[in-house]
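Here are my notes on this one, written for someone new to reading structures. Have the model open beside you and follow the points in order.

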Amino acid sequence: LLLSGRRDRAGLWLFRIEQFRGRLVLVTVLLVGLGFAAIRWGLPALTGAMALLVPPQVEASIGKETLRTLDGGLLKKSELGPGRKHEIEAMFEKLVAAANRGGGWSGGYKLAFRKGGILGANAFALPGGLIVVTDELVALAPNDDAIAGVLAHEIGHVTGRHAMKRISYVMSLSTLGLLVGGGQQDRNLAVAISLALLDSAYSRNAERDADARAEEILSHSGYDPEALADMLLALSKECGDKCDAFPWLSSHPSIAERVRKIRQMNGEHGDPAGGREPARRPAE
């Protein structure tokens with residue numbers, strides 16, 4: 001009888017649970033919400049902390065190998081003359097000296113010139129302080145201060161350890177996608193797309209941070225802090241409507257947003273696409 005009573009009570013509890021499906025829906029929604037929060041905010045914080053533990057020597061090795069891979073396909077040998085390279089390298093050294101005033105990155109910096117090919121006018125920071133700038137970007141720049149703005153932005157990525165943080169984050173997302181998706185290809189694709197959307201938001205935050213760091217570096221090195229906005233506008237004219245065609249999916253914030261914030265940081269307001277006085281020359 002005692003056993004029978006226990007079974008009756010267990011059955012009663014199961015009956016009640018089945019009757020209150022709303023609770024199950026609520027629990028499901030809460031679990032999904034917690035999972036999303038963990039991926040959207042928890043995972044970036046965790047992987048960001050993990051990236052800071054990577055020794056500079058290891059990070060530098062990753063950067064060199066990445067550049068070697070790019071040289072094997074996308075990038076070509078730079079055609080800039082020695083004199084022009086020397087001018088930009090001197091500019092780069094001045095920016096690095098300003099960046100080192102704030103600390104945060106114990107590794108070295110290295111500037112690499114390449115012909116962009118299908119990448120066109122571009123510049124990017126690889127792990128370990130390796131910064132690549134293309135001939136096309138140098139040619140497109142309205143003045144040297146604009147080039148300094150781009151270099152300062154990429155140095156901002158280095159000081160923020162953004163490349164290593166992104167690598168750690170993407171690797172974690174890939175692992176999570178395999179665990180969630182299992183062996184079903186369609187499901188894997190859906191998971192990959194969802195995780196990519198989250199990763200693009202994380203990348204946009206890194207771009208905003210690099211812009212803010214660039215403003216400080218430019219100010220301390222004697223270059224025009226708003227020259228980065230000039231370069232962004234020149235790039236927007238080059239790429240046309242394709243730049244901001246999909247602002248939510250883009251790994252960068254819209255150019256209009258970035259120009260507006262750069263000018264706001266320097267006390268200038270108005271139309272982000274509007275003109276202004278030419279950038280001043282760096283103080284000698």
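1. Let's start with two helices. The axes of helix 4 (residues 82–100) and helix 6 (residues 144–159) come within 10 Å and cross at roughly 45 degrees. Axes here are lines fitted to C-alpha atoms, for helices over the stretch in contact, and angles run from 0 to 180 degrees between N-to-C directions. Helices (H or I, at least four residues) and strands (E, at least two) are DSSP runs, numbered from the N terminus.

2. Before going on, a word on the source: this is a predicted model, where local features need pLDDT of at least 70 and side-chain atom pairs count only at pLDDT 80 or more, while totals for chains, interfaces and linings use all residues. Residues are numbered from 1 along each chain as its sequence is written, and side-chain values use heavy atoms, with hydrogens and water left out.

3. What do we call that crossing? Helix 4 and helix 6 are oblique to each other; angles under 35 degrees count as roughly parallel, over 145 as roughly antiparallel, 65 to 115 as roughly perpendicular and the rest as oblique. The crossing of helix 4 and helix 6 is right-handed, meaning that the near helix is turned clockwise from the far one by less than a right angle.

4. Now look at who touches whom. The helix 4 side includes Ile-88, Phe-92 and Leu-95, and the helix 6 side includes Ile-147, Leu-151 and Ile-155. Contact means heavy atoms within 4.5 Å.

5. Two strands pair if DSSP finds at least two bridges between them.

6. Go through the pairs one by one. Strand 1 (residues 76–77) runs antiparallel to strand 2 (residues 110–115), with 2 bridges, and Lys-76 sits opposite Lys-115. Strand 2 and strand 4 (residues 130–134) are parallel over 5 bridges, with Lys-110 partnered by Leu-130. Strand 3 and strand 4 are antiparallel, joined by 4 bridges, and there Leu-126 faces Leu-130.

7. Last stop, Glu-257, in helix 10 (residues 255–265). Buried or exposed? Glu-257 counts as buried because its relative accessibility is 14%; buried means under 20% relative accessible area (1.4 Å probe, protein chains only).

How values were computed
Buried < 20%, exposed > 50% of the residue type's maximum accessible area, 1.4 Å probe, protein only.
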